[in-house]
Amino acid sequence: IGEIQRFIRDDGSIKVSRSIKELSQKVKKARDHLSKTLSRTPKISEIAEELGVTSEEVVFALEANKQPKSIYETVFE
Amino acid sequence: MQLAFSSISGNESFARATVAAFAAKLDPTVEELEDIKTAVSEAVTNAIIHGYNRQSGFVYIEATIDSDGIEIIIRDEGCGIQNVDEAKEATYTSRPDLERSGMGFTIMEHLMDEMEVLSVLDKGTQIKMRKKIKKTAPTN
Amino acid sequence: MQLAFSSISGNESFARATVAAFAAKLDPTVEELEDIKTAVSEAVTNAIIHGYNRQSGFVYIEATIDSDGIEIIIRDEGCGIQNVDEAKEATYTSRPDLERSGMGFTIMEHLMDEMEVLSVLDKGTQIKMRKKIKKTAPTN
Ligand SMILES: Nc1ncnc2c1ncn2[C@@H]1O[C@H](COP(=O)(O)OP(=O)(O)O)[C@@H](O)[C@H]1O
Ligand SMILES: Nc1ncnc2c1ncn2[C@@H]1O[C@H](COP(=O)(O)OP(=O)(O)O)[C@@H](O)[C@H]1O
Ligand SMILES: [Mg+2]
Ligand SMILES: [Mg+2]
């Protein structure tokens with residue numbers, strides 16, 4: 001399964017909806033983990049640094065957490 | 001930065017996130033960013049459902065970062081508000097049929113440091129909001 | 001949607017992420033979105049460093065989604081390009097001192113399905129690009 005996942009990841013043909021969903025899960029985890037270790041709400045830059053993405057990407061991923069499932073996901077997952 | 005988009009509800013989340021992405025330059029906490037997003041949402045939703053009554057029109061957002069925070073202006077060219085003081089009251093809504101709470105303005109005032117409503121009947125409505133963002137990192 | 005922002009390099013990543021968030025409505029593949037982000041980056045960087053020569057000015061982006069993809073227009077009101085055909089050549093750069101590659105236009109043409117340059121000396125430059133996004137879901 002690892003091999004297949006890596007293949008799917010590498011060929012870039014996965015849909016953005018899925019990649020955003022993955023990133024938003026990572027953002028959620030990083031946010032919880034940083035809140036604990038820092039004992040305060042993390043800054044956007046701290047989450048971005050932890051995940052190796054830009055602050056803007058963190059912001060749009062946070063937004064995606066709130067979105068209702070897209071039609072694509074409802075139909076194909 | 002300035003953003004203009006058509007008043008379809010699908011654009012509401014895009015607009016809110018775009019303002020948040022711009023505000024990210026100030027390196028806010030997740031909490032501060034959530035406050036900004038919620039306030040922007042309330043103002044944009046008002047523009048779409050009240051200002052344009054769900055008809056088509058443009059919503060304009062202008063955001064500026066300065067030394068102590070962010071200023072956000074949200075504007076529509078819709079129907080305007082007859083009585084702004086009444087509209088700002090915590091439970092007032094002109095559309096009880098939409099099952100909205102009438103709390104939009106109260107929420108904006110609460111989450112932001114300043115809020116100002118400018119409205120002209122049949123010309124449109126402009127909401128100007130400011131939020132201070134502390135630049136310094138907390139000590140812990 | 002329409003976006004305007006000042007020509008400081010800190011806004012480049014904001015602009016790229018905003019166009020990407022707008023294009024994400026089409027649910028492209030990761031690769032298609034990366035193509036769009038790279039092309040937008042090249043055009044915005046050109047506007048900032050060549051169009052305005054790092055002086056202050058506004059960069060305008062207009063993006064429209066239609067049935068077969070996205071159209072993106074990136075415009076500046078800077079110095080303009082004297083010879084567009086020459087500028088588009090794969091290795092041409094007017095600023096070899098900046099250690100840029102001269103490949104910006106080539107990259108945009110390669111990653112997008114259409115690219116059109118409109119430029120008037122001392123008035124500014126407009127890049128119009130289109131990318132088709134297949135609506136069908138992938139098999140995997
Ligand atoms: N952009 C706008 N254009 C016209 N009327 C508006 C606008 N924003 C708010 N209003 C008026 O102010 C009232 C109160 O707004 P708000 O506090 O957000 O409550 P709600 O949206 O739940 O009605 C609305 O019911 C509407 O009559
Ligand atoms: N927006 C612009 N305004 C003015 N000149 C531009 C603009 N975009 C591109 N140019 C000109 O076209 C040339 C080629 O651009 P490009 O292919 O991106 O290469 P590079 O940016 O590496 O020089 C630039 O060196 C510059 O002379
Ligand atoms: Mg409201
Ligand atoms: Mg270039």
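Mentor: Helices here are DSSP runs of H or I, at least four residues long, numbered from the N terminus. The model is predicted.

Trainee: Which element gives the largest share of the shell around ligand 1?

Mentor: Two elements of chain B give two or more residues to the shell around ligand 1: helix H2 (30-51) and helix H4 (104-111). The largest share is four residues, and it comes from H2(B).

Trainee: Which backbone N or O atom lies 2.7 Å from an oxygen atom of ligand 1?

Mentor: Start with the other backbone contacts. A polar backbone atom of Gly51(B) is 3.3 Å from a nitrogen atom of the ligand. Gly104(B) has a backbone N or O atom 3.1 Å from an oxygen atom of ligand 1. The 2.7 Å distance belongs to a backbone N or O atom of Gly102(B).

Trainee: How much of ligand 1 does the protein bury?

Mentor: Backbone atoms of Gly104(B) come within 3.1 Å of a ligand oxygen. Taken alone, ligand 1 exposes 530 Å². The share of that area buried by the protein is 96%.

Trainee: What is the closest N and O distance in the salt bridge of Glu63(A)?

Mentor: The rule finds two salt bridges across the interface of chain B and chain A. In one of them, Glu63(A) pairs with Arg16(B). Their closest N and O atoms are apart by 2.4 Å.

Trainee: Which element gives the most to the side of chain B that touches chain A?

Mentor: The interface also has eight residue pairs in polar contact. Helix H1 (10-23) and H2 of chain B each give two or more residues to that side. The most, six residues, comes from H1(B).

Key. Residues numbered from 1 in each chain as written. Chains lettered and ligands numbered in written order. Predicted model: local features only at pLDDT ≥ 70, side-chain atom pairs only at ≥ 80, totals over all residues. Heavy atoms only, no water. Polar contact = N/O pair within 3.5 Å; in protein donor to acceptor, adjacent residues only side chain to side chain. Areas by Shrake-Rupley, 256 points an atom, 1.4 Å probe, with all protein chains shown as cover. Salt bridge = Lys/Arg side-chain N within 4 Å of Asp/Glu carboxyl O.
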